[in-house]
Each structure stands twice: as structure tokens, then as C-alpha cells.
Amino acid sequence: MEYRINKKSHFLAIFDGIGLASIVFTIGLTLIFLFKGPQFILTAFWIFAGGYLILVLPALYIYLEYYLHDRNVIITINDEENELHYKKKNIEQTIAFKDIILFEIFGETGSYFWWPSSTFSFARLITKNGEEFFFTGLIKYKLENIIPYPNAEKRRWLFPSICFYKLVRTNNEIPSYWCLQKKPTANRSVYGIGAPHRENFLA
């Protein structure tokens, strides 16, 4: 099975992150116009426009970041050989499922909260050799289903930006700081708003 950015992934990302907010605000303005009359529509428009931008601009940033990150990425899953093939421009890597020691998904991983930017998600995959790979929900809508194992550890973030994560993560979350003979601790699902998990990775 091959995964890459396509028209369907674009539509799902835009609809979830931006489309729903646009629909809600349009309905709100329409109701104000119908029940309050045109004299209120201008004031309501600016109030709604401000709220709309606060909601949508972070989601638009995430969408553009994901597109630029994954526009040349192709992920191929070989279930017979139990391996994942990652290709991005001149970089190609074949990873056996058994060599994956950490598979995390950042973003909206449940119904705990909803925010337009949090409807996006990205995955972080680390191998036993300390190699780190990122790919996003523009590749596959449900990232947790892209490989059969290991199971994804989900981390809920309101602003699931890859760049932001790399900026604020601790040394313990950077593979080059790990003792590669150790395995990361299990059951590390985070239910925070945006701060990275600070649990020590070493067993």
C-alpha cells in the first residue's frame, strides 16, 4: 500500500481544520441577519471575523507546514515483508516493523477537545538505530492505522506543528541523546494542551 499527498487528503485536512469553522461562522452571520436585521450585520461581521481568524490562522499554518514537509514524501507499506519504505527526494529508507521502537501521533487523537488546528496530526517514528522520521496526516488521514504494529502512542496537542515540537522538546525526546540499548517507556499518552511530555525515556 502506497501513501502520499493526494486530492482526498487535501480535502479532508481543509474540511476538518478550516471548513467546519467556516460553515459555523457563516451560519452564525446568517442567523444574525435573519433575526436581528441588516443593521447588526456589520458589527457582527467584524466580531465574527476576528474570532474566525483566531481559530483559522493557526490551522492554515499547520496545513501549509504539513504540505511543505510531505509534498515529496512517499510511504509504502509491505505487509508481506512487515516493513515500511520511506522516500523523500533523494532519501530512501526501508524500516522493518520490528525495528520501530517508538511510534507517536501528535494532534487531535480523540474527542477530549476540539480546535481547528488540533484536527491535524503528525507522526513521529524512531527506529532502534536512533533514526527519526516525521510524516503527517496529509499522507494518511488516520495515521494510527498506517502500520499494524507497534501501536501508536497518542499525544493530544492543540497546535501540532512539527517545527514547534522540535523547538520545545527536551533532550530526552531527541534520539541522539538516548542510550540506544534502552527502550522507551510504554504508555506515554499525553492529555495536555500543547506542552511536550517530560517523562524520562530511559527505562
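Me: In what sense do strand β1 and strand β2 pair?
Reply: Strand β1 (residues 2–3) and strand β2 (residues 73–78) pair in the antiparallel sense, over two bridges. Two strands pair if DSSP finds at least two bridges between them. Strands (E, at least two residues) and helices (H or I, at least four) are DSSP runs, numbered from the N terminus.

Me: What kind of model is this?
Reply: This is a predicted model, where local features need pLDDT of at least 70 and side-chain atom pairs count only at pLDDT 80 or more, while totals for chains, interfaces and linings use all residues. Residues are numbered from 1 along each chain as its sequence is written, and side-chain values use heavy atoms, with hydrogens and water left out.

Me: How many helices and strands does the chain have?
Reply: The chain has three helices and eight strands. Along the sequence the pattern reads β-α-α-β-β-β-β-β-β-β-α.

Me: Back to β1. In what order do the strands of its sheet come?
Reply: The order is β1-β2-β3-β4, in an open sheet of four strands with antiparallel pairing. β1 and β4 (91–96) stand at the edges with a single partner strand each, so one side of each has no neighbour in the sheet.

Me: Which residue in β2 is the bridge partner of tyrosine 3?
Reply: Isoleucine 75 is the partner of tyrosine 3. Isoleucine 75 also has a bridge partner in β3, namely tyrosine 86.

Me: How many bridges join β2 to β3?
Reply: Six bridges join β2 to strand β3 (residues 83–88), and the two run antiparallel. Isoleucine 74, for example, has lysine 87 in β3 as its bridge partner.

Me: How many residues lie between the strands of that hairpin?
Reply: Four residues lie between β2 and β3 in the hairpin. Asparagine 82 is in that loop, and its phi is near 55 degrees, a positive value in a residue other than glycine.

Me: Is asparagine 82 buried, partly exposed or exposed?
Reply: Asparagine 82 counts as partly exposed, because its relative accessibility is 33%. Buried means under 20% relative accessible area, exposed means over 50%, and partly exposed is in between (1.4 Å probe, protein chains only).

Me: What about lysine 89, where is that?
Reply: Lysine 89 is in the loop between β3 and β4. Lysine 89 has a positive phi of about 55 degrees although it is not a glycine, and with a relative accessible area of 59% it is exposed.

Me: Other sheet now. What order do its strands take?
Reply: That open sheet has four strands in the order β7-β6-β5-β8, with mixed pairing. Its edge strands are β7 (132–136) and β8 (153–156), each pairing on one side only. The twist averages 20 degrees from one strand to the next. For such angles, axes are lines fitted to C-alpha atoms, for helices over the stretch in contact, and angles run from 0 to 180 degrees between N-to-C directions.

Me: How many bridges join β6 to β7?
Reply: Five bridges join strand β6 (residues 121–127) to β7, and these strands run antiparallel. Phenylalanine 122 stands opposite threonine 136 in β7.

Me: Which residues are joined by a cis peptide bond?
Reply: Tyrosine 149 and proline 150 are, with omega about 0 degrees. Proline 150 is in the loop between β7 and β8.

Me: Changing topic: how many salt bridges are there?
Reply: The structure holds eight salt bridges. A salt bridge is a side-chain nitrogen of Lys or Arg within 4 Å of a carboxyl oxygen of Asp or Glu.

Me: Which residue forms one with lysine 154?
Reply: Glutamate 144 does, and the closest N and O atoms are 3.9 Å apart. Lysine 154 is in strand β8 and glutamate 144 is in the loop between β7 and β8, 10 residues apart.

Me: What about lysine 98, which residue does its side chain meet?
Reply: Lysine 98 meets aspartate 99 in a salt bridge (3.6 Å, N to O). Lysine 98 is exposed, with a relative accessible area of 65%, whereas aspartate 99 is buried at 18%.

Me: Which residues are linked in a network of salt bridges?
Reply: Glu104, Arg124, Glu132, Arg155 and Arg169 are linked that way.

Me: Last one: how much of the chain counts as buried?
Reply: Of its 203 residues, 42% count as buried. Among contacts (heavy atoms within 4.5 Å) between residues at least 6 apart in sequence, 65% join residues at least 24 apart.
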